Amino acid sequence: AGSMLKFSADGDTNQAAIVHIADDTSGDANLAFYTSDAVDAIIERMRITSDGYVGIGTPSPGSLLHIKKTATTGGAPLELIRLEINETSDVELARGEGPAIDFYIAETGGSQLGGRIAQVRESIIDATAHSAMTFHTAEDDESLVEAMRIDYLGRVGIGTTTPGSGVNLDIEDTGTAGTGAGGNLRLSSNDSTVMVSTDRLGVIEFAGAEDTNSTMTVGARIEA
């Protein structure tokens, strides 16, 4: 059972509709939104369920926002969400501006900004759109601090906003010598068996291209 609000520009074509879908047994009520495609077939595009879940491309969303798209035979990622900042008034663009997703963490009486992922400009030149992906975290009741950056060249900076190499770590070591705590970088094995003196803890390999086909060959190795 239910009801429908229908929109049509010229009779039976170019249609759209909002449909109230009621379940007489459970008492649930959903809203479904329909539009027409190029051949005038009316298709459900979005649904809001009785528990407040929103489904785009699916009539049965499994979370507050559930977006579903049919797979293709292409070998590239499929765009599902677009965040865009557009310059239309000839403003002076600044380094560090860009779209972001914020994460709020529950605390007593409300919530607190706890993290952010952003794509930000790295150039002050308006016509140059070099950008970096940044990751921000925050301590309790403190402002966000950038924890990691992947710049437009693919370099990774942890603890620095200006990585100068493939992976650049600039982190204060707060550990105490001889205690085994702290450190700037840890390589560990997830093997759950008890280790003996002959077991290998980890390996760092150094490799480079040896021919025009970019075949990578290990030239040196550090083992622990």
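## Exposure and the acidic patch

A residue is called exposed when its relative accessible area is over 50%, buried when that area is under 20%, and partly exposed in between. Glu 139 has a relative accessibility of 63%, so this residue counts as exposed. The model is a predicted one.

Glu 139 sits in the loop that joins β9 (131–137) to β10 (145–150). On the surface, Glu 139 belongs to a patch of negative charge together with Glu 107, Asp 140, Asp 141 and Glu 142.

Side chains of opposite charge can pair when their charged atoms come close. The structure contains seven salt bridges. One of them joins Asp 102 to Arg 116, with 2.6 Å between the closest N and O atoms. Asp 102 is in strand β7 (residues 100–107) and Arg 116 is in strand β8 (residues 110–121), so this pair ties together parts that lie 14 residues apart in sequence.

Both partners fall in the intermediate accessibility class. Asp 102 is partly exposed, at 33% relative accessible area, and Arg 116 is partly exposed as well, at 27%.

Arg 149 and Glu 146 form a salt bridge through their side chains, with an N to O distance of 2.8 Å. These two residues are also part of a salt-bridge network that includes Glu 122. Arg 149 has a relative accessible area of 11% and is therefore buried.

A further salt bridge connects the side chains of Asp 151 and Arg 155, at 2.7 Å from N to O. Asp 151 is buried, with a relative accessibility of 6%, whereas Arg 155 is partly exposed, with a relative accessible area of 26%.

Leu 64 is placed in the loop between β5 (54–56) and β6 (65–67).

Leaving aside residues up to four places away in sequence, Leu 64 touches Gly 52, Tyr 53 and Val 54. The C-alpha atom of Leu 64 is 9.4 Å from that of Ile 48, and the two residues are 16 positions apart along the chain.

Conventions: Residues numbered from 1 in each chain as written. Predicted model: local features only at pLDDT ≥ 70, side-chain atom pairs only at ≥ 80, totals over all residues. Heavy atoms only, no water. Helix = DSSP H or I, 4+ residues; strand = E, 2+ residues; numbered from the N terminus. Contact = heavy atoms within 4.5 Å. Salt bridge = Lys/Arg side-chain N within 4 Å of Asp/Glu carboxyl O. Buried < 20%, exposed > 50% of the residue type's maximum accessible area, 1.4 Å probe, protein only. Patch = residues over 30% accessible without salt bridge, like charges linked within 9 Å, V, L, I, M, F, W, Y side chains within 5 Å. Areas by Shrake-Rupley, 256 points an atom, 1.4 Å probe, with all protein chains shown as cover. Lys, Arg positive; Asp, Glu negative; His and termini not counted. Charge placed at Lys NZ, Arg CZ, Asp CG, Glu CD.
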